[in-house]
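This briefing reviews selected structural features of the model shown below. The points are grouped by topic for reference alongside the sequence and coordinates.

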Amino acid sequence: MLTHGRSGHVWKFGNNIDTDLIIPARYLTTSDPVELAKNAMEDADPEWADKMNPGDFIVAGDNFGCGSSREHAPIALKATGLSAVIARSFARIFYRNAINIGFPILESPEAAEEIKEGDEIEVDLTSGTIKDLTSGKTYQAQPFPEFMQKIIKAGGLIKYLRQQHPQLR
Amino acid sequence: MAQTITQKILAKHAGLRSAEPGQLINCKVDLVLGNDITSPPAIKEFERIGVSKVFDKKKIFLVPDHFAPAKDIKSAEQIKMMREFAHKYGIVNFFEIGCMGIEHALLPEMGAIKPGDLIIGADSHTCTYGALGAFSTGVGSTDMAAAMATGEVWFKVPEQLKFVYTGKLQKWVEAKDLILYTIGQIGVDGARYMSMEFTGPVIDKLSIESRLTMANMAIEAGGKNGIFGIDAKTKQYLTKVHVTRYPLLYSDKDAEYKQIYDYDVAEIEPQVAYPHLPSNTHPVSKSGHIKIDQSVIGSCTNGRIEDMRVAAKILKGKKVHPDVRLIILPATQNVELQMIKEGLMEIFIKAGASVSTPTCGPCLGGHMGVLAEGEKAIATTNRNFVGRMGHPKSEVYLSNVAVAAASAVAGRIASPEDL
């Protein structure tokens, strides 16, 4: 469930972080989450997957996840144990994919701007409240439309479908 | 209520009279597509749903093209998984090497796309089919899985952007330059979540192959779809590929657009998008002296017969520069056959090009021409992100076909005028 609060440290990235940076195509001969996680963000920061700790956050600029439709991108990030990505904005296929696999993303231009690398933050995924424990500031992310909240609450699109269409089984 | 083509197609597939920007709708799909990278996770998710059959055996297209012919054991396993899935569920449209092609070149060519269709594909360049007046967009593997089971997909109706092109095209300017220029103007997120409709007197004169090139790169501006109206050229193309029954859809004259962009194409010369974003465009004449190690002509953007003819025009009787590797990838078996019939194959081989079987190959740094550290390539492909064609410290410059061919001869980024 994604309803509890999470806290961790922040890794900052810039604008237009494309899915080739998140998981390069040379690793796409598998879709195993554990394998993909080892190479997450490699072409943006080759050591990131080793340095980061489960529970951490990525805070980025505009258009996070642009480029390829590869769901391997949010799958890789989720499998590292990353709590969520907070960005000024997301590219649309990445946005869909993250919701569909139940990986938390939050849109907040102010948070993306002001939160600094290494800050400790706490996020309540239900309310979309982002607390920067280092600076003491609080931000409110854009709420998801109700329909998307249902998918997120179910834990992804497949689980949502199984709830909605018991006849499918 | 005045609507654009995009709105009309979305509304029809949702069983509604109209579709307003921002509205969340559930649509029936006419075609679901996947490749050898995106299908394996989709197949795993599909099996998790637990259904006993797919929504329609004829409406699912599985095209292993990215790492096909299988480049290593893991790729072979991924393609095998697709093959077994196709057999298990009786999916007829599974295309192995020998009859395959790059998905977005193959489907229009085989008459699988018709105007008014709603198409989703687990590949971001699925937006290509908008050239034929279809609503077509890229999704991820979970969406593909859900659609294979239910035949449905959810959408937020996008806001509408219109791009109007007027004026006389300069020599050597191709559709690729129009779209690169447009992305250069509005940026890689200039059409984020939005629909891009391409119109104007210049567009009316463009061939369908050229329109496919433009629609293909709508995603590079963040667009949800790229779309063109249906005209005599569309009808002629569809007749040739045996598509006979389809609705004639047009955007209403008073349809609302979030923004309308007007471009005078007389001011556009061949464009080169420098690393590492497709929006980082420069006119080729201002490119300076950039030495290249490789030139790639092909991909879902520029791998059709029209592109091969342009390349042959430049390369006929010339030799590829000794420091350059020129790789030419016809996008489908048919394109390759036509190249042989027209004598293009001979021109390419005599010029010193390496001609490959159809594959996405080097476009995404997969195989068949991956770059080493520090190498530079010019390519007719669609992305120049960090590490896109190989080593994270290699570089990709995007261009049209004529510039990629001329550069292969010159050994540096060059216009055909420089030869």
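A salt bridge is taken here as a side-chain nitrogen of Lys or Arg within 4 Å of a carboxyl oxygen of Asp or Glu. By that criterion, the structure holds 26 salt bridges over all chains. The model is a predicted one.

- Thr29(A), Arg92(A) and Arg96(A) together supply 20% of the area that chain A buries against chain B, more than any other three residues.
- Chain A contributes 43 residues to the contact and chain B contributes 48 residues.
- Two salt bridges are counted between chain A and chain B.
- Arg96(A) and Asp143(B) meet through their side chains in a salt bridge, with an N to O distance of 2.6 Å.
- Polar contacts between chain A and chain B amount to 20 residue pairs, counting pairs with both residues at pLDDT 80 or more.
- On the side of chain A that touches chain B, the elements giving two or more residues are α1 (19-22), α5 (92-101), α7 (146-154) and α8 (157-164) of chain A.
- Helix α5(A) gives the most to this side, with seven residues.
- Sorted by class, the side of chain A that touches chain B has 17 nonpolar, 12 polar and 14 charged residues.

**Salt bridges and their surroundings**

- Asp20(A), Arg70(A) and Arg388(B) are linked in a network of salt bridges.
- Lys8(B) and Asp252(B) form a salt bridge in which the closest N and O atoms are 3.0 Å apart.
- This pair links distant parts of the chain, 244 residues apart: Lys8(B) is in helix α1 (residues 5-14) of chain B, and Asp252(B) is in the loop between α9 (232-240) and β11 (259-264) of chain B.
- Lys8(B) counts as partly exposed because its relative accessibility is 24%; Asp252(B), with a relative accessible area of 27%, is also partly exposed.
- The side chains of Lys88(B) and Glu47(B) meet in a salt bridge at 3.5 Å, N to O.
- Here too the pair links distant parts of the chain, with Lys88(B) in helix α3 of chain B and Glu47(B) in helix α2 of chain B, 41 residues apart.
- Lys88(B) has 57% relative accessibility and therefore counts as exposed, whereas Glu47(B), at 35% relative accessibility, counts as partly exposed.
- Arg309(B) forms a salt bridge with Glu342(B), and the closest N and O atoms are 2.7 Å apart.
- Because Arg309(B) lies in helix α11 (residues 305-315) of chain B and Glu342(B) in the loop between α12 (333-341) and α13 (344-351) of chain B, the pair ties together parts that are 33 residues apart in sequence.
- Arg309(B) is partly exposed at 40% relative accessibility, and Glu342(B) is partly exposed with a relative accessible area of 31%.

**Helix α2 of chain B**

- Helix α2 (residues 39-49) of chain B is largely enclosed by the rest of the structure, because eight of its 11 residues are buried.
- The buried residues of α2(B) are Ser39(B), Pro40(B), Pro41(B), Ala42(B), Ile43(B), Glu45(B), Phe46(B) and Ile49(B).
- The cover over these residues includes α4 (72-79) and α8 of chain A, together with β2 (31-35), β3 (60-63), α3 (73-89) and α5 (141-150) of chain B.
- Gly50(B) follows α2(B) and has a positive phi, near 90°.

- Strand β5 (residues 120-124) of chain A runs antiparallel to β6(A) and is joined to it by four bridges.
- Ile121(A) has Asp132(A) as its bridge partner in β6(A).
- The hairpin of β5(A) and β6(A) has four residues between the strands, and Gly128(A) in the turn has a positive phi of about 75°.
- In a regular strand, side chains alternate between the two faces of the sheet.
- Strand β6 (residues 129-132) of chain A has Ile130(A) and Asp132(A) on its covered face, and Thr129(A) and Lys131(A) on its uncovered one.
- β6(A) also pairs with strand β7 (residues 138-140) of chain A, in the antiparallel sense and over three bridges.
- Thr138(A) in β7(A) stands opposite Lys131(A).
- Five residues lie between the strands in the hairpin of β6(A) and β7(A), where Gly136(A) takes a positive phi near 85°.

Methods
Residues are numbered from 1 along each chain as its sequence is written. Chains are lettered from A and ligands numbered from 1 in the order in which they are written. This is a predicted model: local features need pLDDT of at least 70, side-chain atom pairs count only at pLDDT 80 or more; totals for chains, interfaces and linings use all residues. Side-chain values use heavy atoms; hydrogens and water are left out. Buried means under 20% relative accessible area, exposed over 50%, partly exposed in between (1.4 Å probe, protein chains only). Two strands pair if DSSP finds at least two bridges between them. Contact means heavy atoms within 4.5 Å. Buried area is the accessible area (1.4 Å probe) that two parts lose on being put together, summed over both. A polar contact is a pair of N or O atoms within 3.5 Å; within protein, one must be able to donate a hydrogen and the other to accept it, and residues adjacent in sequence count only if both atoms are side-chain atoms. Ala, Val, Leu, Ile, Met, Phe, Trp, Tyr, Cys and Pro count as nonpolar, Asp, Glu, Lys and Arg as charged, and the others, Gly among them, as polar.
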